[in-house]
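This report describes helix packing and aromatic pairing in one protein model. The sequence and structure come before the description.

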Amino acid sequence: MGTGKGILDWELVALQRNLRGRYDDEVRRAVEQKFLHELCGPGRDVAFYVGNQAKRVNTFSVLGVY
């Protein structure tokens with residue numbers, strides 16, 4: 001990601017792997033479904049855990065969702 005921020009969650013990586021070769025809009029819909037409706041949907045008590053690198057202390061990546 002060009003902004004220096006990212007999502008490294010293993011479920012996202014697995015989803016991307018499963019959707020390899022699909023059209024961008026299909027991948028976008030699948031990611032939105034998984035994260036906005038399932039993992040972060042209404043009624044869910046969601047938290048993200050984040051991390052950074054020692055040399056980039058102001059840049060964080062999402063490492064997972066729980």
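## Helix packing and an aromatic pair

Helix H1 (residues 10-18) and helix H2 (residues 24-39) pack with their axes 10 Å apart and at an angle of about 150 degrees. The model is predicted: local features need pLDDT of at least 70, side-chain atom pairs count only at pLDDT 80 or more, and totals for chains, interfaces and linings use all residues. Residues are numbered from 1 along each chain as its sequence is written, and side-chain values use heavy atoms, with hydrogens and water left out.

H1 and H2 are therefore roughly antiparallel (angles over 145 degrees). The crossing of H1 over H2 is right-handed, meaning that the near helix is turned clockwise from the far one by less than a right angle. Glu11, Leu12 and Leu15 of H1 make the contact (heavy atoms within 4.5 Å) with Ala30, Val31, Lys34, Phe35 and Leu39 of H2. By class, this contact has six nonpolar, no polar and two charged residues.

The model has one aromatic pair (ring centres within 6.5 Å). Tyr49 and Tyr66 form this pair, with 5.8 Å from centre to centre and 35 degrees between the planes. The pair is tilted, the class left between stacked (under 30 degrees) and edge-to-face (over 60). Tyr49 lies in strand E2 (residues 48-53) and Tyr66 in the segment after strand E3 (56-65), 17 residues apart.

| Residue | Relative accessible area | Class |
|---|---|---|
| Tyr49 | 39% | partly exposed |
| Tyr66 | 59% | exposed |

How values were computed: Rings of Phe, Tyr and Trp (its six-membered ring) pair if their centres lie within 6.5 Å; planes under 30 degrees apart count as stacked, over 60 as edge-to-face and the rest as tilted. Helices (H or I, at least four residues) and strands (E, at least two) are DSSP runs, numbered from the N terminus. Buried means under 20% relative accessible area, exposed over 50%, partly exposed in between (1.4 Å probe, protein chains only). Axes are lines fitted to C-alpha atoms, for helices over the stretch in contact, and angles run from 0 to 180 degrees between N-to-C directions. Angles under 35 degrees count as roughly parallel, over 145 as roughly antiparallel, 65 to 115 as roughly perpendicular and the rest as oblique. Ala, Val, Leu, Ile, Met, Phe, Trp, Tyr, Cys and Pro count as nonpolar, Asp, Glu, Lys and Arg as charged, and the others, Gly among them, as polar.
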